Amino acid sequence: MDYEAELLPGTLDLLILKAVSIGPLHGYGVLLRIAQISGRALLIQQGALYPALFRLVRQGLLKTSWDKSENNRRAKFYELTSKGRKRLREETEGWNRLVAAIASALAAQPQEI
Amino acid sequence: MIPAYFRSLAARFFRRSQTEHDLEEELRSHIQLRADDLERFGLGRAEAERRARIEFGGPEQFKEECRDELAGDFIDVLLQDLRFGLRMLRKSPGFAAVVILTVALGIGATTAIFSVLDAALLRPLPYSQPEQLVSIQADLPGLGARDVGISQPEWKDLQESGIFEYVSPTWFDENNLTGSSQPARVRLLIVAPNYFALLGVEPKFGRAFDPNDHSPGFIPEVVISDGLWKRAFGSDPNIQSKSVRMDTDLYRIVGVMPAGFDAPGRTAEERNIEIWAATSFYGAPLSDHPPRNRRNLPTAIARLKPGLTIAAAQSQVDALVASLQKQFAADYSVQNAWTVRLVPLKERVVGNVRQSLVLLLGAVGLVLLIGCVNVANLLLARASARGREMAIRRALGAPQARLTRQLLTESLLLSLFGGIAGLAILFSLKGFLLQLVPENLPRLNEISISWSVLLFALIVSVVSGVLFGLAPALQAGRLDLNHALKQEGRVSTGSGERARTRRALVITEFALSLVLMIAAGLLLRSFWDLLNVQLGFSPQSVISVRTRLPAPNDPGIDKYATASQEAPFVRELIRRCATLSGVEEVAIGDTASIPLDESLRDLKLISEGQFLFKVEGSDVQSDHSTVVERSSVSPDYFHLLGIPLLRGRLFNELDNDNTPQVAVINQAMAQSYWPNEDPLGKRFKAAKAGAPWITVVGVIANARTQSLAQADLPQIYLDLYQTGAKRLAILLRGHLHAAAIADEVREQVRALDPTLPVSGAETLNETVSASLAQRRFSMEMITLFALTALLLAGLGIYGVISYLVSERTQEIGIRLALGASRSNILRIVLRQGLGLAIVGAAVGLVCALIVSHLMASLLYGVRPTDPLTFAAVAFLFIGVAVVACYLPARRAMKVDPLVALRYE
């Protein structure tokens with residue numbers, strides 16, 4: 001648990017979109033999926049997930065439906081809308097550009113300047 | 001995005017419990033799912049659920065955050081602000097009442113004036129596609145003559161030019177309607193058959209004239225107004241089978257116009273038409289071949305071809321005018337410089353009230369603004385009192401913007417309540433207020449509280465709410481927490497900034513109300529000067545009564561066709577009226593001879609009023625205007641009105657139809673046409689073929705019988721026994737009662753000819769007063785507004801000085817304790833107040849100079865920079881300021897040092 005990194009502000013939405021892009025998930029499933037795809041490296045407080053989900057629904061990026069979970073409990077499932085899919089693509093590109101830029105900045109050696 | 005947003009909005013507001021329930025279940029299912037996993041790791045169910053709950057964190061906090069993420073957060077905040085605002089207002093009802101009342105009066109008055117302006121100026125005329133309607137005005141600038149009318153051939157040319165859909169001359173006349181219970185005078189408009197098609201209006205029943213009827217003479221049909229239908233025909237539903245006799249000629253009624261239909265006219269008389277008759281303006285009783293240079297059709301209106309702008313039409317008309325002048329060179333002398341202007345029809349109807357109405361709206365807007373400044377001051381004072389509340393809310397974490405928004409919401413609440421109250425006042429006083437509006441205001445019957453008026457009231461409310469709420473709201477945002485919280489329970493002493501704002505507000509208020517007072521002062525002085533001008537005639541104990549002789553289409557049956565046929569009737573009527581009890585003198589003239597009578601002015605009645613003439617021995621194309629006022633009167637007219645003869649003689653019994661025509665002129669006429677010459681014996685004649693020469697036999701003193709404002713308008717008087725006249729005014733001098741004398745005169749007229757109508761008994765003083773009606777209305781309104789403004793400004797400065805005094809109570813106590821005299825204290829307080837007043841007055845004087853120049857054309861006898869008015873108003877202001885400051889200053893003087901020092 002000690003290796004879990006704090007989330008950068010604003011990245012939770014992106015992670016949720018990514019998690020849901022693979023298939024509809026309930027809230028707890030989103031948490032598990034994020035843990036899984038991030039190699040358990042990112043820490044999300046469980047309750048804090050829900051305001052973010054509500055926000056994405058309001059923005060029309062996610063849609064919801066009630067369904068049975070794999071162990072037969074009623075749960076609210078979140079699913080990516082086409083708009084959400086588009087947003088995920090844009091944000092991923094943006095993020096990658098940012099990472100590349102910061103990485104290259106950090107890798108700079110004194111003699112290269 | 002949009003549907004998701006609205007679903008989210010609905011989840012917040014309309015499906016609140018469902019949303020709550022879902023949220024609850026969702027979080028519960030999360031914990032259950034987590035517990036399932038933990039159970040799988042080997043924990044007991046109870047322990048697993050406990051762990052899951054701990055890992056999740058406080059659910060209430062997250063639920064709240066989720067709710068906040070739903071759309072429409074701002075609405076919730078607004079509702080919260082509103083609830084809080086209402087609670088605050090309920091807690092200080094006195095404050096709320098004062099503010100709401102001030103705003104209500106301001107908004108009520110502004111909206112009232114706007115509703116008049118909206119009806120008269122802003123709304124399109126109530127005809128179909130009114131933007132295509134124009135009035136045709138022909139000028140002869142070479143003669144200095146404007147709006148001279150058109151001739152029948154010119155009308156035909158315009159009609160066939162392809163520029164207009166329709167062109168119709170309109171010719172106002174009075175007529176005698178007989179056949180009903182007693183003969184009545186009716187207002188008649190003679191039009192082309194296309195008139196109603198031109199305006200695009202239909203009768204409410206029956207039909208209009210056939211626009212393509214070009215038969216000679218008068219079409220034997222009339223359309224009547226709703227008013228006449230009700231009054232003279234008792235709302236008879238079978239009216240279309242009825243006929244009326246007008247001037248003994250028989251006409252069939254074919255249609256009744258709807259109630260509220262007004263003809264597009266310049267004066268009230270011309271708008272309230274009762275009967276429309278149609279002709280193509282040729283053929284008996286009119287001329288069979290009307291000459292081109294006889295412009296006997298006084299006005300004309302037209303509808304442009306669709307898609308044509310007025311500017312485009314004007315340039316085509318200019319081309320037409322040029323080609324006509326070439327083609328008929330004999331009829332159009334180059335020097336006359338005949339031109340034809342197209343004026344938007346609305347301009348003709350409302351053009352002459354625009355300036356007054358705009359001035360009124362400006363004035364009432366200023367009053368509202370001053371009211372807002374007052375309210376802002378009150379709010380600032382209250383903000384000081386609420387300083388601690390604001391500080392605590394800030395300390396508890398409310399962001400600055402939130403407090404500003406809260407205060408703005410409160411002031412908007414106040415102004416909206418004020419607006420609603422203002423509209424309520426307006427609705428309840430509507431009947432009374434409409435009576436104040438002068439009757440000759442165009443489109444009076446269209447005044448209503450329409451949607452646009454309501455929208456105006458709403459906008460004004462919101463704007464004033466923001467205006468008076470902004471300063472206190474912004475200041476609350478910039479609160480010094482530390483300082484405010486330390487003011488233990490006490491009213492916080494105004495920060496330097498707040499005091500500065502309040503002073504600036506008072507200065508603004510003073511400046512604005514000074515501008516209004518100066519405007520009102522100038523109008524008052526103009527009015528006063530007009531009331532006190534030397535009339536040059538004496539209106540005291542003179543009453544005018546009107547009658548009218550018929551002019552049938554067949555001159556063969558006209559009992560009064562010539563002056564000599566008419567003269568016996570006039571002589572006998574004068575003789576009979578002179579015997580009535582109380583009557584000392586009687587004279588009869590045409591209605592143009594009634595001094596200052598405005599009711600028929602500007603109408604260019606047939607054979608009355610303005611007169612185009614040639615002077616013997618000089619060219620028509622002289623420098624002088626050759627259009628002057630003229631009227632026909634009986635010999636006693638001048639003595640009855642007390643207008644003295646200066647040279648020559650007046651009319652006498654020897655002047656009649658068989659002797660050469662004679663004229664009496666006034667001095668202004670003599671000076672402008674025969675300067676440095678003896679006018680007696682000079683001759684002139686009407687500018688139409690076959691008119692006889694008229695010899696000047698007498699010169700009378702100038703009298704303001706045409707216009708109160710102008711002293712020296714040229715004037716020609718002809719002998720009634722030589723010219724005759726259809727519209728007669730019987731002038732009676734003596735100790736008379738208007739209503740009673742009207743009946744007595746009616747009896748005498750009936751005895752001579754039972755078909756003649758008698759109407760309109762009015763004292764000359766009433767006539768003079770009526771001629772000032774519109775001026776009086778503007779003056780009274782502006783004065784009322786200015787006094788309100790002065791009162792508000794006085795209250796404003798009183799409030800500020802009172803506040804400053806109460807704030808300085810302690811300081812004053814110390815000063816007194818240290819030996820300051822009471823007059824010292826008085827001086828300190830007065831100096832503070834008067835300083836504000838003087839700065840305000842100085843700013844106001846500068847603004848007033850600008851405003852007064854803009855209203856120069858509304859003034860009479862005073863210059864826009866009239867020093868007396870400026871000085872008087874400035875002194876009045878300082879006086880009010882002294883009184884307003886003296887009251888709190890006296891309180892300051894009476895401060896008991898002991899009490900003041902213990903006060904803390």
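The axes are lines fitted to C-alpha atoms, for helices over the stretch in contact, and the angles run from 0 to 180 degrees between N-to-C directions. The structure is a predicted model, in which local features need pLDDT of at least 70, side-chain atom pairs count only at pLDDT 80 or more, and totals for chains, interfaces and linings use all residues. Residues are numbered from 1 along each chain as its sequence is written, and chains are lettered from A and ligands numbered from 1 in the order in which they are written.

Chain A contains 4 helices and 3 strands. Here helices (H or I, at least four residues) and strands (E, at least two) are DSSP runs, numbered from the N terminus. Their order from the N terminus is α-β-α-α-β-β-α. Along the principal axes, the C-alpha atoms of chain A fill a box of roughly 60 × 35 × 20 Å. Chain A has 113 residues, of which 27% count as buried. A residue is buried if 20 or more other C-beta atoms lie within 10 Å of its own, exposed if 12 or fewer, and partly exposed in between, with C-beta atoms placed from the backbone. Of the contacts in chain A between residues at least 6 apart in sequence, 52% join residues at least 24 apart. Two residues are in contact if their C-beta atoms, placed from the backbone, lie within 7 Å.

Within chain A, helix 1 (residues 11–21) packs on helix 2 (residues 27–37) at an angle of about 95°, and their axes are 9 Å apart. Helix 1 and helix 2 of chain A are therefore roughly perpendicular. Helix 1 contributes A:L15, A:I16, A:A19 and A:V20, and helix 2 contributes A:V30, A:R33, A:I34 and A:I37. This contact has 7 nonpolar residues, no polar residues and 1 charged residue. Ala, Val, Leu, Ile, Met, Phe, Trp, Tyr, Cys and Pro count as nonpolar, Asp, Glu, Lys and Arg as charged, and the others, Gly among them, as polar.

The contact between the chains takes 20 residues from chain A and 23 from chain B. On the chain B side, helix 1 (2–13), helix 2 (16–40), helix 3 (45–56) and helix 4 each supply at least two residues. Helix 2 of chain B gives the most, with 9 residues. The chain B side divides into 11 nonpolar, 5 polar and 7 charged residues.

One helix pair spans the two chains. Helix 3 (residues 49–58) of chain A packs against helix 4 (residues 59–69) of chain B at about 15°, with axes 8 Å apart. These two helices are therefore roughly parallel. Chain A provides A:Y50, A:P51, A:F54, A:R55 and A:R58, while chain B provides B:F62, B:E65, B:C66 and B:E69.

Chain B is divided into domain 1 (2–71), domain 2 (73–126 + 354–492), domain 3 (141–337), domain 4 (498–534 + 784–904) and domain 5 (550–755). These bounds come from an automatic or database domain assignment. The centres of domain 4 and domain 5 of chain B, taken over C-alpha atoms, are separated by 56 Å.

B:S448 lies in the loop between helix 15 (400–436) and helix 16 (451–477) of chain B. B:S448 is exposed, with 12 other C-beta atoms within 10 Å. Not counting residues up to four places away in sequence, B:S448 touches B:S115 and B:A119. B:S448 and B:A119 are 329 residues apart along the chain, and their C-alpha atoms are separated by 7.4 Å.

How values were computed. Parallel < 35°, antiparallel > 145°, perpendicular 65-115°, else oblique.
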